[in-house]
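Here are my notes on the model, point by point. Please read them beside the coordinates.

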Amino acid sequence: MLARFLSATAITLLLGSGFTNAQEPVKAHTNQAALLASNDPQLAANKKLVYDFWREVFEAGHLDLAPKYLTENYIQHNPNVATGRQAFVEFFAKFKKPRPIAAQIESPLVSIVAEGDLVILTFAKEHTDPKDPTKSYTTSWFDQFRIENGKIAEHWDPATRQ
């Protein structure tokens, strides 16, 4: 009982203090090539697959390359995009036009983590502060992919329905 009271008191004090607005900015990694490294060749290959998909298809809009990276039955967990490679292509074709492919990911990439058949890209995202529209803050965004037989078979992100 005393422990519960002390925990609740500590939380109340923290939430009521100025510390709730303290934040260190999320910053992009300065060496993307280093993020692709792994002692495990399969994990390195999975990272590179997702990295190249992001650069070539997602950022540069080369949707014609989707079959190189996505399984035909690609599973989508973003509530705004239907499942299936063709559905992915049709959705992004509405607002992505092909442009030159950059040598590295253009979005502020923080990390690439691979474990088993999963790869997670984490990005820094900047938003306008709702309490003061003249200020901004950063937070993180992630995209997680599952690899199956050398292609992306599934995707997750924290998107909400638009």
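1. Aspartate 52 is buried, with a relative accessible area of 11%; buried means under 20%, exposed over 50%, and partly exposed in between (1.4 Å probe, protein chains only). The side chain of aspartate 52 meets that of arginine 55 in a salt bridge, at 2.9 Å from N to O. A salt bridge here is a side-chain nitrogen of Lys or Arg within 4 Å of a carboxyl oxygen of Asp or Glu. Arginine 55 is also buried, at 10%. Helices (H or I, at least four residues) and strands (E, at least two) are DSSP runs, numbered from the N terminus.

2. This is a predicted model: local features need pLDDT of at least 70, side-chain atom pairs count only at pLDDT 80 or more, and totals for chains, interfaces and linings use all residues. Residues are numbered from 1 along each chain as its sequence is written, and side-chain values use heavy atoms, with hydrogens and water left out.

3. Arginine 55 has another salt bridge, with glutamate 56, at 3.5 Å from N to O. Both arginine 55 and glutamate 56 are buried. Which residues make up the network of salt bridges? Lys48, Asp52, Arg55, Glu56 and Lys68 are linked in it. The structure holds 8 salt bridges.

4. Arginine 146 and glutamate 154 also form a salt bridge, at 2.7 Å from N to O. Are these two buried or exposed? Arginine 146 counts as buried at 17% relative accessibility. Glutamate 154 is buried too, at 11%.

5. Now the sheet. It is open, with 5 strands in the order E1-E5-E4-E3-E2 and mixed pairing. Two strands pair if DSSP finds at least two bridges between them. The edge strands are E1 (70-76) and E2 (109-115), and each pairs on one side only. The twist averages 25° from one strand to the next. Axes are lines fitted to C-alpha atoms, for helices over the stretch in contact, and angles run from 0 to 180 degrees between N-to-C directions.

6. E1 and E5 (residues 151-156) run parallel and are joined by 3 bridges. Leucine 70 has isoleucine 152 in E5 as its bridge partner. Helix H5 (residues 85-93) packs on the sheet, where it touches E1 and E5; its direction makes about 75° with that of E1.

7. Helix H3 (residues 41-59) lies across E1, E2, E3 (118-129), E4 (132-148) and E5. It runs at about 125° to E4. In H5, the residues Arg85, Ala87, Phe88, Val89 and Phe92 are buried. What do the buried residues of H5 pack against? They pack against H3, helix H4 (66-69), E1 and E5. Contact means heavy atoms within 4.5 Å.

8. The aromatic residues deserve a look. The structure holds 12 aromatic pairs. Rings of Phe, Tyr and Trp (its six-membered ring) pair if their centres lie within 6.5 Å; planes under 30 degrees apart count as stacked, over 60 as edge-to-face and the rest as tilted. Tryptophan 54 and phenylalanine 58 form a tilted pair, at 4.3 Å centre to centre and 35° between the planes. They are 4 residues apart in H3, which means about one helical turn between them. Tryptophan 54 is buried at 6% relative accessibility, whereas phenylalanine 58 is partly exposed at 22%.

9. Phenylalanine 91 and phenylalanine 95 form an edge-to-face pair, at 5.5 Å centre to centre and 90° between the planes. Phenylalanine 91 is partly exposed at 22% relative accessibility. One aromatic cluster includes Trp54, Phe58, Phe91 and Phe95, with Tyr69, Tyr74 and Phe145 also among its members.

10. Two lysines sit over rings. Lysine 96 lies over the face of phenylalanine 58, at 4.3 Å from the ring centre. Lysine 125 lies over the face of tryptophan 141, at 4.6 Å from the ring centre. The criterion is NZ of Lys or CZ of Arg within 6 Å of the ring centre and within 35 degrees of the ring normal.

11. Where is isoleucine 101? Isoleucine 101 is in the loop between H5 and E2. It is partly exposed, at 37% relative accessible area. Leaving aside neighbours within four places in sequence, isoleucine 101 is in contact with Arg55, Glu56, Ala60 and His62. Isoleucine 101 and histidine 62 are 39 residues apart in sequence and 8.4 Å apart in space, C-alpha to C-alpha.
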